[in-house]
Amino acid sequence: MNDDKPSNRSTRPRWGRRAVLILLPLLLAGAWYGRSAFLGERDPATNYQFSAVQRGDIEDVVTATGTLQPRDYVDVGAQVSGQLRKIHVEVGHTVEAGQLLAEIDPTVYRARVDASRAQLRNLRAQLKDREAQLALAQIQLRRQRALMAEDATTKESLQTAEASAKSAAAQLEALRAQIEQIESTLRADEANLQYARILSPMAGTVVSISARQGQTLNTNQQAPVVMRIADLSTMTVQTQVSEADIGRLKLGMEAYFTTLGGSGKRWHGKLEKVEPTPTVTNNVVLYNALFDVLNPDGRLMTQMTAQVFFVVAQARDALLIPMAALGQAPPRAPQAGGAAAPAVPPS
């Protein structure tokens, strides 16, 4: 029994030394981690983000919002008053120049034409009578002159014959002038009768109809617009550019735009016009910049919204790095016993 006790006492110090040897590295590692976390001494590479350098195209652009309008269009109106009896087209129809679009009730205008023609026929009949009277007056005048040469008539009779001939000639001239006046009136009445048939002044597409069949049109106050015909093969982009950017635009510079439903497709053109008179909206001065773009497939439509980009400068196949890499360098880690070192500004 006495021999075992010294053996137990001898094993306890060995287990204690082993525990110290195991815990000491752990305590040292924890102390180092805590010191590093407190003082911020970490790997400097953790302060940066890495990105691969690539090649691509870069552009300096002026952005603006615009709308699409047909370059060539015309508002077709009525030149005569009356009830709109028939509209022969609908919105979206393609029409040719001279095609019948609508008809106004022609009853009144046809009646005026008939009355003018009848009056003209009456005046032409009177013209033949006046011509016959002039011929008779000239015959009588020649007879009186022949008798006067033979001293077989009086001077009074000769004067009467001369006056009758002149009067007949004057009446004939007045009647001819009246005929010309009626002919002019007839041409106007015939034109108004033709205006009752509204024809397309150009080839294009019916983009809107503002009048309704059966509506009474009154041209005495203003020319009523019946519909709009537009050529959609070429569209004009009307953009509004702020006064801060308008100085960067130059005629002929490249421009492109996208639409809301265009799935990212770009339409390209060149700046053609900058209107000198601005529009002021909420104290913001905006200038209209316009350019045309071809629309052969008809995908661009009236009043579409366009996000426009005017290309001021561009570079092709250039090295590309993130913009953050060109900014201010990240701050240095704080040093022991002091504040963080100031960042070095970019050169």
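Two residues are said to be in contact when heavy atoms of each lie within 4.5 Å, and by this criterion residues 24 or more positions apart account for 75% of the contacts in the chain with a separation of 6 or more. The model is predicted, so that local features need pLDDT of at least 70 and side-chain atom pairs count only at pLDDT 80 or more, while totals for chains, interfaces and linings use all residues. Residues are numbered from 1 along each chain as its sequence is written, and side-chain values use heavy atoms, with hydrogens and water left out.

The chain contains three helices and 14 strands, where helices (H or I, at least four residues) and strands (E, at least two) are DSSP runs numbered from the N terminus. Of its 347 residues, 27% count as buried, that is, they have under 20% relative accessible area with a 1.4 Å probe and protein chains only, whereas over 50% would be exposed and values in between partly exposed.

Four strands form an open, antiparallel sheet in the order β5-β4-β2-β7, two strands being taken as paired if DSSP finds at least two bridges between them. Because β5 (197–199) and β7 (216–217) stand at the edges with a single partner strand each, one side of each is left without a neighbour in the sheet. Strand β2 (residues 82–87) is joined to β7 in the antiparallel sense over two bridges, and Gly82 stands opposite Leu217 of β7.

Helix α3 has 41 residues and reaches 60 Å from its first C-alpha to its last, close to the 60 Å expected at 1.5 Å a residue, the expected span being 1.5 Å times one less than the number of residues. Among its buried residues are Leu158, Ala161, Ala165, Ala168, Leu172 and Leu175. An α-helix has 3.6 residues a turn, so residues three or four places apart point the same way. The cover over the buried residues of α3 includes α2 and β5.
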